[in-house]
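This report describes the model shown below, moving from its overall make-up to individual residues. Please keep the structure in view while reading.

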Amino acid sequence: MELGNRLGIEEEQDFHFSETNEEKAANLLEHFAMGKSIGEQLEHRFPLDHQFPAGHSISLLVDPNTNVILRLLRALPSLSQSRALIQFYFEQLQWYSKVIHAPSFMLEADGLQTAIAAGTLDQIHVPFLGTYCMVLCLSLHLMDISLSHRIGLDVSSARSYAKHLYSVAQVCLQYHTFLGSHCLEYLQCIILMGLYQQNCGQSGSQWALLGASIKIAQNMGLSRLGSETERRVYPQAWSSVVKREIGRRVWWTLVYDDWAQSAAHHGTYSIHPGQNRTGYPLNINDADLVEGAPVTPKPSNQYTEMTSFLCRLQIIDIYRQNIDNYSSSGYGYVLEIDTKLTRSVSDLPQKFTLPTSASSTYLEYMKSTDMTLCLILGEAYKLKIHRPFLFKAYRDKRYLKSREQCTNSARSILHYLRSQEAQTSPLVRCWPVLLHGFNAAIVLFIDLCYSTRYSAAERNQQRLELQKVLELFTNVQQSSPAAGKAVKILEKLLDSEPAPSSPTNRKRASPDDDTTFEHVVKRLVIDASTGTSSPITGTLNFSTPTTPDSHSSPLGSYFGTPMPHQYSDTSLSSDPIHLDEKTMIELSQLFVNQPTPFSPYEMHATAINVL
């Protein structure tokens with residue numbers, strides 16, 4: 001028996017290399033010095049009596065003799081409601097993250113219900129219970145009218161119930177001190193929590209918990225799983241092929257979230273591609289991933305349940321390259337990334353082929369929805385890399401490509417969202433896709449306000465486009481809290497649209513003029529922060545500031561991409577950020593629930609100046 005396995009700890013060496021027993025013994029001493037437990041598996045260090053272990057922090061607030069599991073199980077919905085919610089999740093919501101192997105989940109869910117019915121609480125696996133609660137939570141939080149009728153709950157009641165189940169999942173994490181008791185189920189639970197947190201305006205908590213999840217995953221070896229097509233010997237903890245493949249899906253979901261959100265956090269991410277030794281998940285359906293059976297992935301051009309996720313990984317990797325090189329490359333590099341993204345988007349349709357023998361109405365629906373999601377994301381990231389140059393393009397023809405690409409991508413995103421509303425409705429209810437739609441609408445609003453190239457008929461057509469977006473968001477706001485916020489912001493901006501004017505003829509605004517674009521957005525930020533609503537009067541004045549602000553915005557770029565002055569190209573860095581550019585940054589932060597760029601005291605002073 002291997003030394004590490006005899007002592008009951010996971011092997012920490014890279015799976016690519018073999019170690020002698022002497023090297024393993026030396027590593028074991030290092031693990032011991034670092035405080036890692038020896039003689040017990042972290043994954044199974046759970047109390048069997050389901051009471052708080054001695055010294056547990058929660059025991060300071062709750063009677064230590066409380067049967068925690070019994071209290072948690074009382075929060076679950078009925079069996080019929082649970083089944084309806086689980087079905088809704090796998091049919092409508094699983095596109096967000098394929099971190100759950102559906103057959104395994106269904107089997108364990110049946111075991112959970114059997115244990116509940118029999119009263120055998122010692123059979124309850126708390127880590128799975130947390131994931132189970134988050135599946136129910138998301139279905140309740142994002143349910144449609146059909147599901148509402150099916151389970152007998154109105155939207156308001158369902159949303160309150162979802163919050164309660166989210167709390168149950170949090171207790172499951174804390175009950176076993178998830179930071180020290182690492183397992184795959186807790187990572188699945190945290191990933192699903194992230195979507196709920198983003199939809200509820202807790203993006204700061206989501207980002208912090210994502211960082212913890214990445215460290216837990218690294219500690220478990222998820223960053224060194226290699227590819228299933230390689231021949232290698234895995235340690236006992238990873239002997240299951242299903243667990244390895246789900247581990248890869250979990251790991252790459254963490255990678256995706258880390259890279260996708262990093263630009264909004266100063267371009268910093270935790271997972272470096274050069275240190276990532278886990279291959280992409282297989283292009284395979286869950287039904288074909290069976291323990292003990294040969295694993296045969298489908299060709300890369302054949303659609304499966306994993307195709308969409310694999311395509312999104314390729315898109316986000318291209319976008320990450322732009323983040324990595326912004327400080328050492330100029331505008332030309334942005335155009336290179338644009339070319340890569342364009343090629344990736346154009347290649348998408350050929351990856352979604354479905355054999356005639358496997359075709360069905362449901363699969364055709366899922367294939368179309370998955371491809372639409374990838375097309376939206378491809379256009380969204382093209383928009384993101386060009387967004388910092390949009391305002392420049394109205395004053396400098398060298399950046400005309402960025403204005404054209406921003407507006408073209410924005411129209412494409414909104415076209416995809418509107419053209420097949422029955423398919424995109426489940427997507428737009430979720431914060432990540434809704435954000436891309438919101439960003440696209442804001443770009444078209446900027447173009448409507450700044451561009452002088454449109455005729456009166458073209459301007460009316462663009463207003464009509466924005467009104468249709470508003471209608472789309474309004475239709476889903478009942479089942480999406482984030483959509484409600486987008487509706488409020490867009491309504492106020494559209495009500496404040498300025499009359500068209502030439503950039504050369506715009507008058508300079510007085511610092512006390514409360515009709516400038518900056519002041520209107522400041523008012524939106526203050527109202528959102530204080531819970532008040534102030535009327536916006538007059539017409540917006542898009543004026544050039546008397547004294548341009550040459551300092552870097554504390555929030556980074558409006559769309560999470562570095563600002564133009566951060567590039568090394570002197571033709572870019574010599575032009576300070578326009579006042580309206582900083583204002584749009586604040587507007588974006590208002591939607592994504594990031595902290596405002598000023599303290600509460602500064603906010604109060606700004607409110608006095610604005611109001």
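Two residues are in contact when heavy atoms of theirs lie within 4.5 Å. With neighbours within four places in sequence left aside, Leu73 is in contact with Leu112, Ile116, Leu121, Ile124 and Leu129. The model is predicted: local features need pLDDT of at least 70, side-chain atom pairs count only at pLDDT 80 or more, and totals for chains, interfaces and linings use all residues. Residues are numbered from 1 along each chain as its sequence is written, and side-chain values use heavy atoms, with hydrogens and water left out.

**Overall make-up**

The protein has 24 helices and zero strands. Both terms refer to DSSP runs numbered from the N terminus: helices are H or I runs of at least four residues, and strands are E runs of at least two. Of the 611 residues, 56% count as buried. Buried means under 20% relative accessible area, exposed means over 50%, and partly exposed lies in between (1.4 Å probe, protein chains only). The protein exposes about 26,000 Å², and carbon and sulfur atoms supply 53% of this area; accessible areas come from the Shrake-Rupley method with a 1.4 Å probe, and for residues only the protein chains shown count as cover. Among contacts with a separation of 6 or more, 75% are between residues 24 or more positions apart.

Leu73 illustrates such a separation. This residue is found in helix 3 (residues 68–73) and counts as buried because its relative accessibility is 12%. Its C-alpha atom is separated by 9.7 Å from that of Ile124, which is 51 residues apart along the chain.

**The nonpolar cores**

In soluble globular proteins, nonpolar side chains tend to be buried together. A nonpolar core is a set of buried Ala, Val, Leu, Ile, Met, Phe, Trp, Tyr and Cys residues joined through side-chain atoms within 4.5 Å. The largest core of this protein has 151 residues, and those with the most contacts inside it are Met134, Leu222 and Phe473. Helix 18 (residues 431–450) gives the most to this core, with 15 residues. A second, separate core has nine residues, including Val345, Leu354, Met366 and Cys374.

Which residues surround Leu222, leaving aside its neighbours within four places in sequence? Leu222 is in contact with Leu184, Leu187, Ala217, Trp238, Gly247, Val250, Trp251 and Thr278.

Ala440 lies in helix 18. With a relative accessible area of 0%, Ala440 is buried. Beyond its neighbours within four places in sequence, Ala440 is in contact with Leu383, Ala410, Ile413 and Leu414. Ala440 and Val469 are 29 residues apart in sequence, and their C-alpha atoms are 9.5 Å apart in space.

**Aromatic rings and charges**

A pair of aromatic rings is described by the distance of the centres and the angle of the planes. Rings of Phe, Tyr and Trp (its six-membered ring) pair if their centres lie within 6.5 Å; planes under 30 degrees apart count as stacked, over 60 as edge-to-face and the rest as tilted. The structure holds 16 aromatic pairs, and two of them are set out here.

| Pair | Centre to centre | Angle between planes | Type |
|---|---|---|---|
| Phe105 and Tyr132 | 6.1 Å | 20° | stacked |
| Tyr166 and Tyr196 | 4.7 Å | 35° | tilted |

Phe105 lies in helix 5 (residues 102–118) and Tyr132 in helix 6 (residues 126–141), so their pair ties together parts that are 27 residues apart in sequence. Phe105 is buried at 4% relative accessibility, and Tyr132 is buried at 1%. Tyr166 in helix 8 (residues 155–175) and Tyr196 in helix 9 (residues 184–199) are 30 residues apart, and their pair links distant parts of the chain. Both Tyr166 and Tyr196 are buried. Ring pairs also link Tyr89, Phe90, Phe105, Phe128 and Tyr132 into a cluster.

A charge sits over a ring if NZ of Lys or CZ of Arg is within 6 Å of the ring centre and within 35 degrees of the ring normal. The charged end of Lys243 sits over the ring of Trp238, 4.8 Å from its centre. Arg320 lies over the face of Trp259, at 4.9 Å from the ring centre.

A search of the whole structure finds zero disulfides, a disulfide being a pair of cysteine sulfur atoms within 2.5 Å. For Cys200, the nearest cysteine sulfur is that of Cys137, 7.4 Å away. Cys200 counts as partly exposed, at 31% relative accessibility.

Most residues other than glycine have a negative phi. His266 has a positive phi of about 65° although it is not a glycine. His266 lies in the loop between helix 11 (241–262) and helix 12 (307–325), and His266 is exposed, with a relative accessible area of 61%.
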